[in-house]
Amino acid sequence: MLGVGIALWFVLPRPAEWWAAGLGLIAVALAGAALGRGGRASRAVLIGGLAAATGLALMAWRADRVAAPVLARPLVARFTAEVERVQPLAARDLVRLTLRPVGMGQDGRGRATPLPPRVRVNLAEGDVVPGIGTGAIVRLRARLMPPQGAAVSGAYDFARVAWFQGIGATGRGFAPVQLLRPAAAEPGMRAALSAHVTARLDGSVGGIAAALATGDVGAIAEADAEAMRTAGLAHLLSVSGLHITAVVGATMLIAMRLLALIPALALRVRLPIVAGAAGAAAAIGYTLLTGAEVPTIRSCVAALLVLVALALGREAMTLRLVATGALAVLLCWPESLTGASFQLSFAAITAIVALHEHPRVRRFGQVRDENALRRLARNAVLLLLTGIVVEAALMPIAVYHFHKAGMYGAVANIVAIPLTTFVIMPLEVVALLLDLVGLGAPAWWLTGLAIRLLLGLAHWVAAAPGAVSAWPLMPTGAFAAIVLGGAWIALWRSDWRRWGVLPIAAGIAWAATTPPPDLLVSGDGRHVALRTADGELALLRDRTGDYMRDVMAANGGVAEPGLMSEGGGRCSPDLCVAEVRRGARMWRVLMTRSAYPVPWRELVAACRAADIVVSDRRLPRRCTPRWLRLDRVELARRGGVAVTFAGGWVTTVRDPADRHPWLVPPPVDQPGTMAASSRSMSTVAKAVYSSATP
């Protein structure tokens, strides 16, 4: 119910509606207390209503607390900044810097220009000078732009993510980069360990090894990362329950064995308690080392609760444990509820625990006096069943966020999970330990061989026929119904759980019967994808970049889009006209595809003959199509647009009445908004001026 309140804040567009929903939830809670008879039902209504109201208020408070000014328009500026974070992206030959600008920047004409209190800049690896690290002060020139929202409805909304990270601008930095003050300390343990691992193993093999050790995935090539995602193995690259369990288990085993060698200690102290304390310390240290991401925090909290339960002699693996981990994350980062990472992580662990709490599964998995072959077969069946249930739980989330779903993940994980847990991670630990005495080369060779086997498995599964299916945009209501049904099945233990099938079936039917969009238009009007008569998507511009091609393909539910100039439309260098039949009606779409002017009379005549006109420029007032005009002015108000001809549905990224803060952020040139960066103007500015003075 705390999550329901958080979700309400994201769904409802205006502050007045947030207030109304919060007061309504409190009223429901009080009604449950007043009208109930003190039983479980009245307590559930009371606690649920208050929890949902708390979630809504918590989300509103969090969004206001992280508020920071955002760049209003793109610019090229030279500025001085303190380095807050350095993130190597070795696979892309880039280094990502999170910077806190000091004072005003300078535009191309040398005029002072205000900047957001935090910006993110990508630099080419060759442009990074030695000494850049956390706390360093640099001066550089960069092309900055406001954080970009979703290109089309259902696409990734970076503007929302950047708002909660306090990032007011992103861009690309240019050489030369001037180092005014080097970093005060050496790179942190995480960066040093990642660099050490990638120096021992090249390419994506080293990137995967670094991801297992520190959670840093920057050195994994995109082709290999995509293969891991398609094969359902991407969870191995995100430090979560599997990795925390391996670290805690290995620490406890080693601690138990070493402490048992001391008879005086073994006879007087409960060694499992001491080993559990060592495991808890290892879990916390590993979580901090890997950057404390949401899945890692959740897994760490769960591991600590398991250790406490074992110490108290209580049953450890229960849904209460999952709920406590989710509560801890949501209280600190309520916005993570809408992210795929949180949803995938908690859906997987909830499905696993709920499955293994079922009486039949529990009986099947009980320890028996049987031979090793039967025990191995029983464990394999349990692992396969767990994989199937987890894939079923994760598939709606993958379809909703990524518009694609893998088919063979359960089978691939039967091999990949044991290979990672019992071969790759132990070998990597041995290699790191042997490096202390300079003897780690053989262990690194074996580690690389095992990771290549894992990568080979991922590519083999990803290349199999039907390994991944593309899906168009799933309605949010359908997704919510499926989540509700899944949670209902997981939480109930009596026959009431069977009723959860109804919302799941309704959500699946809703998603399956929702037609894919026929027309996709990006928020700037430059990129258009139209569904042709054969059901494929055709792109307006022949030189569409890889990112926008992927966005259009994913949201259109196709594997690879084609080009409008090669079929599906009549195109000149400046205009395209396409006709698409849907049912008994022929739809005519007119699109501009260059910045060159079109004769006014011809353009007006073409507009009147079209049902829809799309342009990245401001169209003349007399350009009046029969139904919909999407020019620069209208798209600036609505954002990206998805149109379904059957039924005349128009879905937009932005509702003009939506008042969520990342849609109406305070600009950096607004009076008073630079107060957030005043912290830097004292100690940091002094360091800049002192270092620049001979």
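Mentor: We will go from the whole chain to single residues. Keep in mind that this is a predicted model.

Trainee: What share of the residues is buried?

Mentor: Of the 694 residues, 46% are buried. The accessible surface comes to about 35000 Å². Carbon and sulfur atoms own 64% of that surface.

Trainee: And what do the contacts say about residues 24 or more positions apart?

Mentor: Take the contacts with a separation of 6 or more. Residues 24 or more positions apart account for 63% of them.

Trainee: Now a sheet. How do I read one?

Mentor: Strands of a sheet pair through backbone hydrogen bonds, either parallel or antiparallel. Here, look at an open sheet of 5 strands in the order β14-β15-β16-β17-β18, with mixed pairing.

Trainee: Which are the edge strands?

Mentor: They are β14 (570–571) and β18 (628–630), each pairing on one side only. Zoom in on β14. It pairs with β15 (residues 575–582) in the antiparallel sense, over 2 bridges. Arg570 stands opposite Val577 in β15.

Trainee: Next, a helix. Is α20 mostly covered or mostly open, and what covers its buried residues?

Mentor: Helix α20 (residues 546–556) is mostly covered, with 8 of its 11 residues buried. Among them are Met548, Val551 and Met552. Arg549 and Asn555 are also on the buried list. The cover includes α15 (372–402) and the strands β10 (519–521), β11 (528–531), β12 (537–539) and β13 (562–563). Just after α20, Gly557 takes a positive phi of about 75°.

Trainee: Which residue has a positive phi although it is not a glycine?

Mentor: Asp93 does, with a value of about 55°. Asp93 sits in the loop between β1 (75–89) and β2 (94–101).

Trainee: Where is there a cis peptide bond?

Mentor: Go to the bond from Ala175 to Pro176, where omega is near 0°. Pro176 is in strand β7 (residues 169–181).

Trainee: On to salt bridges. How many are there?

Mentor: The count comes to 21 salt bridges. One of them joins Arg593 and Asp542, with the closest N and O atoms 3.5 Å apart. This pair links distant parts of the chain, 51 residues apart. Arg593 is in the loop between β16 (585–592) and α21 (600–608), and Asp542 in the loop between β12 and α20.

Trainee: Are these two partners buried or exposed?

Mentor: Arg593 is buried, because its relative accessible area is 15% and the cut-off is under 20%. Asp542 counts as partly exposed, at 41%.

Trainee: What about the salt bridge of Asp631?

Mentor: Asp631 bonds with Arg629, the closest N and O atoms being 3.7 Å apart. Asp631 is buried, with a relative accessible area of 2%. Arg629 is partly exposed, at 28%.

Trainee: Which residues are linked in a network of salt bridges?

Mentor: Glu84, Arg100 and Arg118 are.

Trainee: Last, the surface. Which residues make the nonpolar patch?

Mentor: The patch covers about 670 Å². Val429, Val430, Leu433, Leu434, Leu436, Val437 and Leu439 make it. Pick out Val430, found in helix α16 (residues 409–435). Val430 counts as partly exposed, at 40% relative accessibility.

Trainee: How far is Val430 from Leu590?

Mentor: Their C-alpha atoms are separated by 63 Å. Along the chain, the two are 160 residues apart.

Note on methods: Residues numbered from 1 in each chain as written. Predicted model: local features only at pLDDT ≥ 70, side-chain atom pairs only at ≥ 80, totals over all residues. Heavy atoms only, no water. Pairing = 2+ DSSP bridges. Helix = DSSP H or I, 4+ residues; strand = E, 2+ residues; numbered from the N terminus. Patch = residues over 30% accessible without salt bridge, like charges linked within 9 Å, V, L, I, M, F, W, Y side chains within 5 Å. Areas by Shrake-Rupley, 256 points an atom, 1.4 Å probe, with all protein chains shown as cover. Salt bridge = Lys/Arg side-chain N within 4 Å of Asp/Glu carboxyl O. Buried < 20%, exposed > 50% of the residue type's maximum accessible area, 1.4 Å probe, protein only. Contact = heavy atoms within 4.5 Å.
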